[in-house]
Amino acid sequence: MTTTNKPTLLSEQPLTLNSMWLSDIVNAHLTLEYYDSSKTYNKQSTVFYAPYHAPVSPIQQQFLDDGFQIVYDNLWEAPVVDTSKYIIQHWDWIRYYESIWYTSLGYNTYCPDRNYKHLALMPMRLKKPYRDLAIQQLRPWLDDFVWSYVEQGRQLPNDGNLAEWGTQRYFNPEWYNDTCFSFVSESFISLIDNQVLVSEKTYKSIAFYHPFLILGPVGILQSLRNLGFETFENLFDEQYDAESNWVKRLNCLVDNVKQFQKQPYDKLTQEKIIHNHEHFFNVHLATAHIEKEIVHPLLHYIET
């Protein structure tokens, strides 16, 4: 139900809550506007919306000087502790947003036509030391991988235009049809403030019916299970999830690759990948979390 007398969230540029994928959720509670120098804004009903990690712009400074409430967007970065500001952020934001975004793109309709041709899918973009070491250790199997390392000049076959930001979410069914599992190289391999941050890199495998090994922070598999997803102890030795040393964790992952046998999924694996796909694409659940954990706290802050 649309809220009457909605507060206005005013920004100079498109930010996360301005996304077209979120319009039905956010517009029910807030009026989203872009700054217009010809307009006068009411301090009682207008809140200025700014990126957390960007320098303060002259326009933002003017709103600060005039005593307007300011809220800061940090939804796409690891949450921070900063009690001097109201920051819109959440550890599980990516999981909720990706579900709604992928559904809007029609990715929820993908039906696998799997051929088990290649061993694993391993997409990587940014150069990082732990990825360099992973490449070295996985060298004996890379000819049987579908993989990329964009900053090192290697793209996935039949990829989108890498000059466009949205290509990070480009989906080619062949990548998943042709491979048995995903070897996920996460954005972080360490905990952040004792928390696990799960990125879209892991959620892609979940969305597209893939088992996975994850080179990420310790406890990432348990974090996924806490969110209601299945992991694949029936295919892999998942004891690596408890190994605190990331190099030893990588060694365990490589051992899993070495021991994996390409063959059609058994019944349990099929049940797990179907469960994960359906749980990920539960848009009603994602919407409820965004309203409860992002929108309603923001409204409470504005109203008090």
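**Entry 1: I189**

I began with I189 and left aside its neighbours within four places in sequence; I189 is then in contact (heavy atoms within 4.5 Å) with Y130, L215, G216, P217, V218, W246 and R249. The model is predicted, so I noted that local features need pLDDT of at least 70, that side-chain atom pairs count only at pLDDT 80 or more, and that totals for chains, interfaces and linings use all residues. Residues are numbered from 1 along each chain as its sequence is written, and side-chain values use heavy atoms, with hydrogens and water left out.

I found I189 in the loop between β8 and α6. Here helices (H or I, at least four residues) and strands (E, at least two) are DSSP runs, numbered from the N terminus. Is I189 buried or exposed? I189 counts as buried because its relative accessibility is 12%. The classes are buried for under 20% relative accessible area, exposed for over 50%, and partly exposed in between, with a 1.4 Å probe and protein chains only. I also looked up I189 against K6: they are 183 residues apart in sequence, and their C-alpha atoms are 41 Å apart in space.

D193 is not a glycine, yet I read a positive phi of about 50 degrees for it. D193 counts as exposed because its relative accessible area is 53%.

I placed Q195 in the loop between β8 and α6 too. Q195 counts as partly exposed, because its relative accessibility is 36%. From Q195 to G160 I noted 35 residues in sequence and 33 Å in space, C-alpha to C-alpha.

**Entry 2: two other loops**

N158 lies in the loop between β7 (145–147) and α5. N158 has a positive phi of about 55 degrees, although it is not a glycine. I put N158 down as exposed because its relative accessibility is 53%.

A242 lies in the loop between α7 (220–226) and α8. A242 counts as exposed because its relative accessibility is 66%. I looked up A242 against I135 and found them 107 residues apart in sequence and 22 Å apart in space, C-alpha to C-alpha.

**Entry 3: α4 and α8**

At what angle do α4 and α8 pack? I noted about 35 degrees between helix α4 (residues 129–138) and helix α8 (residues 246–259), with their axes 10 Å apart. Axes are lines fitted to C-alpha atoms, for helices over the stretch in contact, and angles run from 0 to 180 degrees between N-to-C directions. The crossing of α4 past α8 is right-handed. A crossing is right-handed if the near helix is turned clockwise from the far one by less than a right angle, and left-handed if anticlockwise.

On the α4 side the contact is made by Y130, L133, A134, Q137 and L138. On the α8 side I listed W246, V247, L250, N251, V254 and V257. By class, the residues of this contact are nine nonpolar, two polar and no charged. Nonpolar covers Ala, Val, Leu, Ile, Met, Phe, Trp, Tyr, Cys and Pro; charged covers Asp, Glu, Lys and Arg; the others, Gly among them, are polar.

I also looked up C252, which lies in helix α8. C252 counts as partly exposed because its relative accessibility is 30%. C252 and Y240 are 12 residues apart along the chain, and their C-alpha atoms are separated by 5.8 Å.

**Entry 4: pocket and cavity**

I wrote down the rule before the results. On a 1 Å grid over the protein atoms alone, a cavity is a set of points where a 1.4 Å probe fits but cannot get out; a pocket is an open set with protein on both sides within 12 Å along at least five of seven lines; lining residues have an atom within 4 Å of a point. Grid points are joined across faces, edges and corners, and a volume is the space filled by probe spheres set on the points.

The largest pocket holds about 920 Å³ of space. I counted 43 residues in its lining, and Q168, R169, S187, E200 and K201 lie nearest its centre. Which element gives the most to this lining? β8 does, with four residues. The lining of the largest pocket has 23 nonpolar, 10 polar and 10 charged residues.

I found one cavity of 30 Å³ or more. The largest cavity holds about 40 Å³ of space. Its lining is L75, W76, E77, P79, H90, W91, W93, I94 and L197. Of the residues lining the largest cavity, seven are nonpolar, one is polar and one is charged.
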